[in-house]
Amino acid sequence: MSEIQAESHHEHHIVSPRVYLSILGVLFVATGLTVWMSFIDLGEWHFAPGLTIFWNPVVALAIACTKAVLVVLFFMHVKYSTKLTKLTVVAGIFVFLALMGMTLCDYFSRAWGRW
Amino acid sequence: MSHISPVLWQFLVKWMTNFALYPPEASTIAPQMDALYFFMVLVSLIGLTIVILLIVSFSILYSRKRHPKAVQIEGSTLLEATWTIIPLGLFLIMFVWGALIYFRVFTPPANAMNIYVVGKQWMWKAEHPGGQHEINSLHIPVDQPIQLTLISQDVFHSFSIPAFRVKREAIPGRYTTVWFQATATGTYHLFCTQYCGTNHSAMIGDVVVLSADDYKKWLASSTSGDSLAQNGERLFASLSCAACHNTRPDARGPSLANVYGSKLTLSSGEQITADDAYLREAILNPSQHITQGYAPIMPTYQGQVSEEGVIALVEYIKHLDSDYRIQQTTTTTDLLPESQPTAKPAATKQAAQGKVNP
Amino acid sequence: MSTSTIVSLPDQSTARIPKMNYLTKENGLLSWLLTSDHKRIATLYLISITFFFFIGGALAGLIRLELLTPQSDLMAADTYNKVFTMHGVIMVFFFLVPSVPATLGNFFIPMMIGAKDLALPKINLLSWYLYIVAGFMAIFTMAAGGVDTGWTFTTPLSTHYLNTHVISTGLAIFVAGFSSIFTGLNFIVTIHKMRCPGMTWFRLPLFVWAHYAASILMVLGTPVLAITLVLVVLERTVHIGVFDPALGGDPLLFQHLFWFYSHPAVYIMILPGMGVISEVISTFSRKRVFGYTAVAFSSVAIAVFGFFVWAHHMFIMGISNYAALVFSLLTMLVAVPSAIKIFNWAFTLYKGSITFETPMLYAFGFMGLFTIGGMTGVFLGTTGTDIHLTETYFIVAHFHFVMVGGMLMAFLSGIHFWWPKWTGRMYPEKISQFAAVVTFIGFCFTFFPQFILGTLGMPRRYAAYPPEFQVLNVFSTAGATILGVGYLLPILYLTWSLKYGEIAGDNPWQATGLEWQTQSPPLTENFTELPIMDHEAYDYEWLENKQAKEVASVQ
Amino acid sequence: MSNSSTIANGAAAEEHHAHPAYQRHHFETIEQQFDATNFAMWLFLLTEVMFFGGLFTAYLIMRNWYYPAFVEASHQLNIGWGTANTGVLILSSFTMAMGVWNAEMKRKGGLVLCLVLTFILGLCFLGIKSIEYHEKWEKHHIPGLHYSVSSFVNPASDPEVFAEYHDKPLAPDMAAKTEMYFFLYFAMTGMHALHMIIGICLLGYLIVRANAGDYTTGHVTYIENFGLYWHFVDVIWIFLFPLLYLISRY
């Protein structure tokens, strides 16, 4: 009981509506921002021969990630929940990125050598 | 049992006579791969004997009869470290050795003779540059690097020659390459090892390695008219590629002379070398591979040209060292009735349109 | 006490099966079909698992019979393709993935951690119902004409070039996938949240650690297979998809998504088996497992590394040479924890007091065969030798060594080890030891020749093969018959023991797990009151003075 | 045959077992039950993340391969409706969060109101989605059903999109790849809409139970878990919207 007691003695943290309202506002602003940004050509950056970064998708994904993090932390109460829940969320995202990253590792390097 | 029944006797004789543990080594890579293979078998046997020795000796020494009172042992980090580092070290040796062989097999040398192999549901078609077409068989000269460029017309097949220790998947949509150099003449098995449907087990054949002069005799006896490049040229003309890819100054397509192996910059600014794969992609999915400075008006030939057709076109383009050949084909095609210049531009636009409306 | 065995049974003349236990608490069909007791669900799973095992086994028999002769004469090539496909689908998705977790895991994880039941009993029952629905869909597929895509559903074959029942098989595996997800989810929540007081992570039995690692793979890997099968079904119906090369898709994308699940799936299958072996070896050598933390962490290491190695199934399929390098290196890393486990089990025997009951025989069989299976895996993980050995019978031998020699031996070892606790009755010792030896011999005869066949280059999934391979195939089929006998025996004497087996009592093996400290068969709520874990895992001294105290209190 | 220490603890545990009605028999304390079900919900959401992960991987690769086709095809999507939908879903996420707050504060009226609002907003989202799907139906942009590339091969034939974006005509083979875009569009938004429908059905059930006052007795697990599911579906849309709608609109 000792270990389980330690986790649950913190009383169930109630998130106040004011926090919800402010997060709602931020999310609306972020949505407007990302739509507006998509109408501007942010150009690209050739940081290496044959490798270019297009800023538009990067900015769009950055805004989407911040919105997602806000929803997960405040609406889904991960900010106030146990270390275990935080670890689960991070593990999920890690394996998701592993799937994307390792698959890309093949597609990206196909152009290098003959196959 | 006064006598052994003939069936059993024949079975034993067969087993005694041709019992082989591994296929004959008939290519340059085979001995190298067998060396790695037997190193790994050795390591496995040592590992297995260690484990069996441990189990058997401990079982005898510490059976309940001889050692009724067990001694509780927590463990020892030293031992844990040893059987982590040693296996890891051995595995890494195998990894590096294997990677060397892998890169050697899948990076063909420049001077290799290129044979195109088309996998199709339940047969292999080999296309020699000289025009020989073979079904389920492959005649090659000994002691000469041969590069296979594999493509499949339908599903995944896998071109496997156990005697050469070589295997490469033929996948639809993209060329895959592998090379080998036969060292011993003879006839060896050819298998399709990727499950491809009903007659997967019938998609087998022979790889016949001939000495130099036998190979010349075979080439002479089995030519079937035009070489691949000539087939390609006829296709090049009939598809009216020359309408855009000609040598006239106002040509709408880039000139194809000496394009094979040259460095091209595409309209997207990407730098690539024009190899077989690029030529095939440019024919089937042209709009992503337009060279800089040209309009993306080339129609796709996906579905209009079979894989053999694309191979013939690629082979033709590879041998286009001067515009003289195109000059000749454009003049000859100009004489053909239906390919009047005036009709041609409309034809290509109309062709593009025709394909479009459902 | 005879020194050649540690079995200590109560005096058979007076011993009785306890009146109140999970089997007698409530009866009637509904009490079974709507149960939320993890022990009853485990029993339901055991029966359905065995049913599917014998279907898959019969199909295996048919394959081996066909391969007796070089020509395909027992059945047409089409039928042979359907037989080996269903053998693969049934064995992988309906036997190997669920067997140890859904039966032994379901029954014993709550008892080992001192809980009354799994965290989500209703979800556990739903998992069994999904398994049964998926099973009926698979049986329907076989009855309606079978599917011949191979259990790997290689596109574009499965999407455009076959008109057999691919969609119904895909949906069956989709549903079976969810059954596996719910089992894994249940275990992770239970192990985290339901441990009894004092049961810290490092006092957990290694059986629980192994299931924890396997459950991570089940929860995170299976959904990717689900979406891949949905895309295959969509591509068969809407004729447009991301895998069709003619329309611009990439068939290798299917391979990436399919093997992203299917390699962790092989660790889902083997890890629970390893958990069983840790328990059995510790109990029958009366010793704590050598290097407990190393074995526990190597289970988790296998789970974590398991996600990064999948493309070693695709070395010759046209992935780039550099990707092959990366995946081959990571495959070497994932092979090391298995080696650590084997050596730790071997050293558990050191200075132990070993007896050779059936579970221990199966465990020794496991260690030998799994070592060979593991080493041949490194052959295929090394890019160089993989070119020659992939897609041949070498691969068939490799995964049968790991799955049948490893996982199935562990499953049988676990079934025999926990049979007394499960049913309250002992299995017959002599005939089961004979069955174990027969299975081991049959197995070696069946699958050793296939290594040589693979090196000789005989391709997988061939109904007809060149005549020079016949001799080894005849050996393999002969071995398969012995193996078949070896697998039939347990079903016979175990059902016999339900009625005539000796009364086992609480702790016939004098094992240290919490599950052995309560009556067998256990109560529905497992313990009369919540146990307190005040000793380390596999603490035989604690067991001795506990038994000494009881003997004193009886006088 | 249990040892003495467990008997003592068992007796002691007996007195203070104030069993709340909704505590399931196999849990020792109500916190343990709440933590377990919350953790189980998160693990289930992990499986959903990996489920959509497969689709996002396919989308990522196809978009890099056929970027021009994806650009012009995404111009077909009405950005007004897309933004409205995102707003609707974020608002529904807000009302759902307020619902959870009301449940925690044991305010039945507020809870039912928030759940009904979320229900309406969910339906509104599906409504906008069906408008967009209908527009695709009219323009023959549904993959596999007489898909027409005319609005990509010569964009002028599609006045209202052409007026806004003046797209260059695509080569025929690249135009054919727009069908791949719409396959991924319908696969991803369709799967998302399916999850919305499941969510709305559950919401209907929860509203009925909430009305009967089941969730304002301090037992908020079901509302909390449904809230997690709903917010997760919102997070998926937060990623879907920029990936599918906002591909270089300049």
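## Strand pairing in chain B

Strand 2 (residues 123-127) of chain B runs antiparallel to strand 3 of chain B, the two being joined over three bridges, where strands are DSSP runs of E with at least two residues and helices are runs of H or I with at least four residues, numbered from the N terminus, and where two strands count as paired if DSSP finds at least two bridges between them. Within this pairing, Glu127(B) lies opposite His133(B) of strand 3 of chain B.

## Basis of the model

This is a predicted model, in which local features need pLDDT of at least 70 and side-chain atom pairs count only at pLDDT 80 or more, while totals for chains, interfaces and linings use all residues. Residues are numbered from 1 along each chain as its sequence is written, and chains are lettered from A and ligands numbered from 1 in the order in which they are written.

## Further pairings around strand 9

Strand 9 (residues 186-192) of chain B pairs in the antiparallel sense with strand 6 (residues 157-161) of chain B over two bridges, and Phe159(B) faces Cys192(B) of strand 9. Strand 9 of chain B also pairs, again antiparallel, with strand 10 (residues 205-210) of chain B over five bridges, and here Thr187(B) stands opposite Val208(B) of strand 10.

## Contacts between chains

Between chains C and B, the contact takes 80 residues from chain C and 79 residues from chain B, two residues being in contact if their C-beta atoms, placed from the backbone, lie within 7 Å. On the side of chain C that touches chain B, the largest share, 14 residues, comes from helix 11 of chain C, and the residues of this side comprise 46 nonpolar, 25 polar and nine charged, where Ala, Val, Leu, Ile, Met, Phe, Trp, Tyr, Cys and Pro count as nonpolar, Asp, Glu, Lys and Arg as charged, and the others, Gly among them, as polar.

Between chains D and C, the contact takes 38 residues from chain D and 41 residues from chain C. Helix 2 of chain D gives the most to the side of chain D that touches chain C, with 18 residues, and this side divides into 20 nonpolar, 14 polar and four charged residues.
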